[in-house]
Amino acid sequence: MGEVVFKQRKRLWCGLPWTFTVYSFDTERIFVKSGMLNIKEDEVRLYRVLDISLRRNFLQRIFGLGTIRIDSSDKTLKCFEFKNIKHAREGKEQLSQLVEEERMRKRISGREFISDHDHNGYEDFDEYHDDYGER
């Protein structure tokens with residue numbers, strides 16, 4: 001298990017951290033923990049990440065927040081988001097760098113995931129995009 005390099009609580013639209021969802025990643029895995037009484041914990045290995053993108057709507061920009069979208073080849077967390085987090089651009093860049101380092105360390109290339117990338121939809125994702133980025 002690697003050292004945690006990023007950990008943030010999901011924030012409300014106004015930037016207050018009053019939610020029960022925590023996003024984190026270390027040098028090998030991404031973690032999503034949610035719930036107060038019934039806690040759900042998910043993880044994705046970094047080498048399984050296929051795509052990372054950043055979205056910042058008008059309100060998020062006002063409050064210094066952003067949403068990182070992550071598309072993976074994992075069976076349980078195929079597509080998910082780190083919603084309303086501070087310093088989202090820095091978090092995205094840090095995660096992207098760690099993904100590339102982990103792929104190089106494990107000698108994995110992107111083409112190994114092409115056949116596994118046969119799913120649509122995001123958990124907590126409002127828009128649908130097909131494989132060519134069109135709606």
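Tutor: Let's begin with a term: buried means under 20% relative accessible area, exposed over 50% and partly exposed in between, using a 1.4 Å probe on protein chains only. This is a predicted model, in which local features need pLDDT of at least 70 and side-chain atom pairs count only at pLDDT 80 or more, while totals for chains, interfaces and linings use all residues. Residues are numbered from 1 along each chain as its sequence is written, and side-chain values use heavy atoms, with hydrogens and water left out.

Student: Thanks! What is the average pLDDT of the chain?
Tutor: pLDDT is the predictor's confidence in each residue, on a scale from 0 to 100. Here 79% of the residues score at least 70, and the chain average is 84.

Student: Is glutamate 102 buried or exposed?
Tutor: Glutamate 102 meets arginine 105 in a salt bridge of 2.9 Å, N to O, where a salt bridge is a side-chain nitrogen of Lys or Arg within 4 Å of a carboxyl oxygen of Asp or Glu. Both sit in helix H2 (residues 88-106), 3 residues apart, so about one helical turn separates them; helices (H or I, at least four residues) and strands (E, at least two) are DSSP runs, numbered from the N terminus. Arginine 105 is exposed at 52%. Glutamate 102, with a relative accessible area of 4%, is buried.

Student: Which residue forms a salt bridge with glutamate 28?
Tutor: The closest N and O atoms of glutamate 28 and its partner, arginine 45, are 3.8 Å apart. The pair links distant parts of the chain, 17 residues apart: glutamate 28 lies in the loop between strand E2 (21-25) and strand E3 (29-34), and its partner in strand E4 (residues 40-45). Glutamate 28 is partly exposed at 22%.

Student: Which residues are linked in a network of salt bridges?
Tutor: One link joins arginine 69 to glutamate 81, with the closest N and O atoms 3.7 Å apart. This pair connects strand E6 (residues 65-72) with strand E7 (residues 79-86), 12 residues apart. Arginine 69 is buried at 10%, and glutamate 81 is buried at 6%. The network consists of Arg55, Arg69 and Glu81.

Student: Which residue in E7 stands opposite isoleucine 70?
Tutor: E6 and E7 pair in the antiparallel sense over 6 bridges, with pairing defined as at least two bridges found by DSSP. A hairpin of 6 residues joins E6 to E7. In E7, 7 of the 8 residues are buried, so this strand is largely enclosed by the rest of the structure. Opposite isoleucine 70 stands phenylalanine 80.
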